Amino acid sequence: MTQAVDSAPRTGSVEESSPAGNRLVIGLLLVSAFVVILNETIMGVALPRLMDDLGISAATGQWLTTGFLLTMAVVIPITGYLLQRFNTRPVFVWAMSLFSVGTLIALLAPGFTMLLIGRIVQASGTAIMMPLLMTTVLTLIEPSHRGRVMGNISIVISVAPAIGPTISGLILNAFSWRWLFGFVLPIALAALVLGMVKVRNVSTPRKSAIDVFSVVLSAFAFGGIVYGLSSIGEAGDTGYGVPIGALVVGFVALAVFIVRQTRLQRRDAALLDLRTFSTKGFTIPIVAMAISFMAMFGTLILLPIYLERVLGLEVLQVGLLLLPGGLLMGLLSPIVGRLYDRYGPRMLLIPGSIIISAVLWALSTVTADTSVTFVLVAHIVLSLGLALTFTPLFTAALGGLPPRLYSHGSAVLGTAQQLAGAAGTALFVTLLTLGATAAATNGDVAGAATAAEATARATASGVHSAFLVGAVISMLGIIASAMVRKPATPEGAPAPAVH
């Protein structure tokens, strides 16, 4: 199902480069990526509304986020091939076209199934956009300035998901959930048209064949793992046979996928070239980044449920409460990038990872009587910790790669990032469900005056359980962050700079 990469010279052309032209390309990609990544978490605040309107459970509704992230985890490995095989402009057009079509499907969806399909199509375009942005930056920016540019990318990767709930809350306060897509669609179409005119080709493609078996393996691997995690919370009286079986299938497929890529990369035909992990300083930042993304996406799916169902806040109030943290991340990301260029990653990562862990431990103490102010402060401080970690981790992981592995390194990073986000979302919701069920079954809500109060107490107990497990996992992030080093400049690194 695959054949060796063509040994002929690379085909296609790289359009003439200039500092101003480089800035324009990166700027367009940043804006487009911000729009598509925003949709990763825009459904979080809308989940309670969708549960009522569509008659679905929280465990079912979270698939609108988990399915989005899972699709990205399955598609992103293919982008390593796409970015080597095709020019920059057509890849951009495909990505934004898929995203726009998916947004239209979701806007017109008559029910949950079609809405989920729209989200999956959206995610297919989003999955291509982020590796395209990363690879373009690695190609155009010299190593000494990458921290600054990666700071801008961190705004897209971390701030867009962080403010997704705020934008969702503002829209839902006045409109139905369909307008979450109605407002995005014209922006996406405008970005598509502008990109078709302004984005230029910055890479030289080469002929190669895609390994279909590897694509199938990646789908079973990442799909099985995330489906297994998501299904545990819904197992109930039916037992845990299905989720455990899915996890087994996922891990077995992942093992076979790794073996196959190892063999294919010997002739440069791998779907996802794992030689990136042999580059010094790549693996540890990836592990630390995965832990940070689990914390962020788990928190973003959990807090809206807690704030609405336990503390009784309205959708708009929830969105506004989460806004300061998102804005703080946006303000700090460029500054953190400059500090990275000057001082390296450790002085940022160690305090950042400690802050993340401390906040998760603090959130594990929430109850049905916790004040809104406590949650607001916790989210702002968590955003500070995440801002200190994302830019150094992205830059340190990719900075030491040789140019021939740029596209695969971006794809590996994106795959790990989205799989971690999906796993974090699934894990936190599963723990929420199990914790709430256990509290109701064990009589922990017996003193409640009303059924609504009993439900609030049970939900608070589930939230406590989820954050407690997240806090324990975050301790590993501190250890990993302390081991990250600033990478040496690889051979063949680009010379031009974009200031």
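Close-up 1. Leu434 lies in helix α16 (residues 406-441); helices are DSSP runs of H or I, at least four residues, numbered from the N terminus. Leu434 is partly exposed, at 33% relative accessible area (buried means under 20%, exposed over 50%, partly exposed in between; 1.4 Å probe, protein chains only). The model is predicted: local features need pLDDT of at least 70, side-chain atom pairs count only at pLDDT 80 or more, and totals for chains, interfaces and linings use all residues. Residues are numbered from 1 along each chain as its sequence is written, and side-chain values use heavy atoms, without hydrogens and water. Helix α11 (residues 241-264) gives the most, four residues.

**Close-up 2. The salt bridge of Arg260 and Asp211.** Their closest N and O atoms are 2.7 Å apart. A salt bridge puts a side-chain nitrogen of Lys or Arg within 4 Å of a carboxyl oxygen of Asp or Glu. Arg260 sits in helix α11, Asp211 in the loop between α9 (184-198) and α10 (212-235), 49 residues apart. Arg260 is partly exposed at 24%; Asp211 is buried at 1%.

**Close-up 3. Gly477 in helix α17 (residues 451-482).** Gly477 is buried, at 6% relative accessible area. Beyond neighbours within four places in sequence, Gly477 contacts Ile291 and Ser353 (heavy atoms within 4.5 Å).

Note on methods
Helix = DSSP H or I, 4+ residues; strand = E, 2+ residues; numbered from the N terminus.
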